[in-house]
Amino acid sequence: MKKDTIKALMSNQAIAISVEDLHKSFGNLEVLKGVSISANKGEVVSMLGSSGSGKSTILRCLTFLDVPDKGKIVVGDEEIHLKTKRNGMVVPRDHKQVERVRSKLSMIFQQFNLWSHMTIQDNVIEAPVHVLKQTKKEAREKARFYLDKVGIYDKKDAYPSHLSGGQQQRAAIARALAMEPEAMLFDEPTSALDPELVGEVLKVMHDLAEEGRTMIVVTHEIGFAKEVSSKTIFLNEGRIEEEGPPKEIFENPKSERFRQFLASSYET
Amino acid sequence: MFTLYGYFDSIMEGTWVTLNLALSSLGVAVLLGILGALGKLSNSRPLRSITLAYTTIIRGIPDLVLMLLIFYGGQMLVNNLAFALGYEEYVDINPFIAGVGTIGFIFGAYMAETFRGAIMAVSKGQLEAGASFGMTRLQVFIRILVPQMIRYALPSFGNNWLVMIKATAIVSVIGLDDMVRKAGIAAGATRKPFTFYLFVAFNYLIFTTVSTYILAWAERRYSIGERRA
């Protein structure tokens with residue numbers, strides 16, 4: 001059993017997500033070479049690493065947008081089993097289960113991916129109505145609440161292309177919140193934003209962390225990782241190079257790679 | 001009164017046939033087009049091969065040749081089949097159904113290319129966002145892919161439709177009483193070809209002009225939420 005798992009059991013904390021020995025290759029390129037991570041309920045796990053280190057692929061594997069070649073993925077109390085097809089492709093054994101698990105995890109994308117043909121409000125109610133089968137009225141009330149929370153309820157009738165990047169990403173966070181997920185997965189949420197818009201998105205994420213939401217955040221924002229997360233993971237070339245509470249690892253990095261990464265990040 | 005030497009009603013009947021033919025063929029073409037596009041984009045090699053053969057062969061042969069081939073060849077095939085199954089009487093294929101089938105089959109190949117391009121133009125992230133919230137594949141297709149691909153498909157779809165309306169004229173060679181054939185009969189009887197063919201030309205122009213306006217409206221409707229270029 002993994003150290004984190006034991007710790008969680010001892011402290012009586014429930015594990016929200018756990019991934020063990022995750023492998024993923026694209027063609028000949030091995031992106032993940034056996035990665036294990038876990039997030040307890042209410043924990044904020046941040047993942048750092050240079051581009052190509054595989055950090056986004058972990059999130060994509062968690063939601064099965066990319067199917068891992070190997071690995072054990074448990075969300076809540078459900079393990080998602082894989083099977084190998086006759087042509088060698090690895091697919092989830094039960095696609096319905098994948099859909100169910102996805103509805104419990106909400107993803108926030110680097111490119112926002114708000115549906116461009118729908119208004120902001122329609123974006124927010126789409127999945128609650130069609131996946132969770134809420135009534136439109138119920139979903140709209142929730143949309144109002146969450147859009148208010150991220151501060152853009154006044155834009156509810158606008159289309160995504162009429163909003164700034166920061167507003168779009170906040171709308172995407174509201175869309176994710178409306179699913180009332182067990183965990184939120186952030187895939188470099190501020191990387192596509194103009195520098196002056198990064199702050200408004202980080203502030204919303206900061207507030208969510210304080211509410212005790214389970215979050216896994218792939219980011220380049222070292223400041224955010226340092227201040228907000230309960231655990232920071234540094235990935236390098238498909239492996240975990242360093243992990244631990246941010247206080248420990250930022251002050252005393254054990255790995256030379258991580259030290260280099262931090263040094264080059266502080267320079268810029 | 002405007003009676004076109006007594007042939008007005010007859011030609012209007014033909015106009016009605018042309019309109020029905022065009023709209024029915026459009027239905028067949030859109031259906032085959034969607035299936036063709038999905039086949040071309042699918043992971044299955046046999047499906048890709050079949051749809052590739054379909055679009056390559058159909059788009060590579062003149063409509064008139066295909067029409068004659070399918071109508072007369074199809075007629076023989078059906079009769080030989082019926083005979084082999086022990087059916088003695090001669091089977092006559094209804095020319096309207098033959099026309100709809102042939103034109104739909106031909107333009108389905110063009111529509112397949114139109115839809116394939118439009119599907120590829122929709123950004124992958126839009127579909128992934130749908131999947132990531134637990135939407136089923138069908139929901140992602142209907143709620144996200146289709147409304148977004150329509151915008152990309154419309155210009156080329158409109159083009160196909162205009163060409164198709166005009167292509168219905170060739171069904172007159174297989175004996176379907178569309179407005180071109182009716183006009184031909186009238187022109188032969190009255191020896192006034194200019195009058196009748198001009199009238200038919202004018203009818204086509206009305207169809208295509210109305211279509212152009214509807215398509216322009218649809219393009220505006222499905223560009224909502226997009227930045228104007």
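Modeller: Buried means under 20% relative accessible area. Keep that cut-off in mind. This model is predicted.

Colleague: Why is Lys182(B) called buried?

Modeller: The relative accessible area of Lys182(B) is 15%. The cut-off is under 20%. Therefore Lys182(B) counts as buried.

Colleague: What makes Lys182(B) and Glu13(B) a salt bridge?

Modeller: A nitrogen of Lys or Arg must lie within 4 Å of a carboxyl oxygen of Asp or Glu. For Lys182(B) and Glu13(B) the N to O distance is 3.7 Å. The pair therefore meets the rule.

Colleague: Which parts of chain B does that pair tie together?

Modeller: Lys182(B) sits in helix α7 and Glu13(B) in helix α1, residues 8–41. Those parts are 169 residues apart in sequence.

Colleague: Which residues is Ala183(B) in contact with, leaving aside neighbours within four places in sequence?

Modeller: Ile11(B), Phe196(B), Tyr197(B) and Val200(B). Gly14(B) is 169 residues from Ala183(B) in sequence, yet the C-alpha to C-alpha distance is 8.4 Å.

Colleague: Turn to chain A. What makes Glu78(A) and Lys104(A) a salt bridge?

Modeller: Their closest N and O atoms are 3.2 Å apart. The limit is 4 Å, so the pair counts. Glu78(A) lies in strand β5, and Lys104(A) lies in the loop between α3 and β8, so the bridge ties together parts 26 residues apart in sequence.

Colleague: How many of them cross the interface of chain A and chain B?

Modeller: The rule finds two there. In one, Arg60(A) pairs with Glu128(B), with the closest N and O atoms 2.6 Å apart. That is within 4 Å, so the rule holds.

Colleague: Which elements give two or more residues to the side of chain A that touches chain B?

Modeller: They are α3 (95–102), β8 (105–108), α4 (120–130) and α6 (165–177) of chain A. Of these, α3(A) gives the most, with four residues. By class, that side has twelve nonpolar, eight polar and seven charged residues.

Colleague: How many residues meet there, and what area is buried?

Modeller: In chain A, 27 residues are in contact with 21 residues of chain B. The two chains bury about 2200 Å² between them, 54% of it on carbon and sulfur atoms.

Colleague: What makes the phi of Phe64(A) worth a look?

Modeller: Phi is near 60 degrees, a positive value in a residue other than glycine. Phe64(A) lies in the loop between α2 (55–62) and β4 (70–75) of chain A. At 6% relative accessibility, under the 20% cut-off, Phe64(A) counts as buried.

Colleague: Why is Arg191(B) called exposed?

Modeller: Exposed means over 50%. The relative accessible area of Arg191(B) is 74%, so Arg191(B) is exposed. Its phi is near 55 degrees, again a positive value in a residue other than glycine. The residue sits in the loop between α7 (179–190) and α8 (193–221) of chain B.

Colleague: How do you know that chain A agrees with a compact globule?

Modeller: With 268 residues, such a globule would have a radius of gyration near 18 Å. Chain A has 19 Å, which agrees. Buried residues make up 56% of chain A. The chain has ten helices and twelve strands.

Notes:
Residues are numbered from 1 along each chain as its sequence is written. Chains are lettered from A and ligands numbered from 1 in the order in which they are written. This is a predicted model: local features need pLDDT of at least 70, side-chain atom pairs count only at pLDDT 80 or more; totals for chains, interfaces and linings use all residues. Side-chain values use heavy atoms; hydrogens and water are left out. Contact means heavy atoms within 4.5 Å. Buried area is the accessible area (1.4 Å probe) that two parts lose on being put together, summed over both. A salt bridge is a side-chain nitrogen of Lys or Arg within 4 Å of a carboxyl oxygen of Asp or Glu. Ala, Val, Leu, Ile, Met, Phe, Trp, Tyr, Cys and Pro count as nonpolar, Asp, Glu, Lys and Arg as charged, and the others, Gly among them, as polar. Buried means under 20% relative accessible area, exposed over 50%, partly exposed in between (1.4 Å probe, protein chains only). The radius of gyration is taken over C-alpha atoms; the globule rule is 2.2 Å times the number of residues to the power 0.38.
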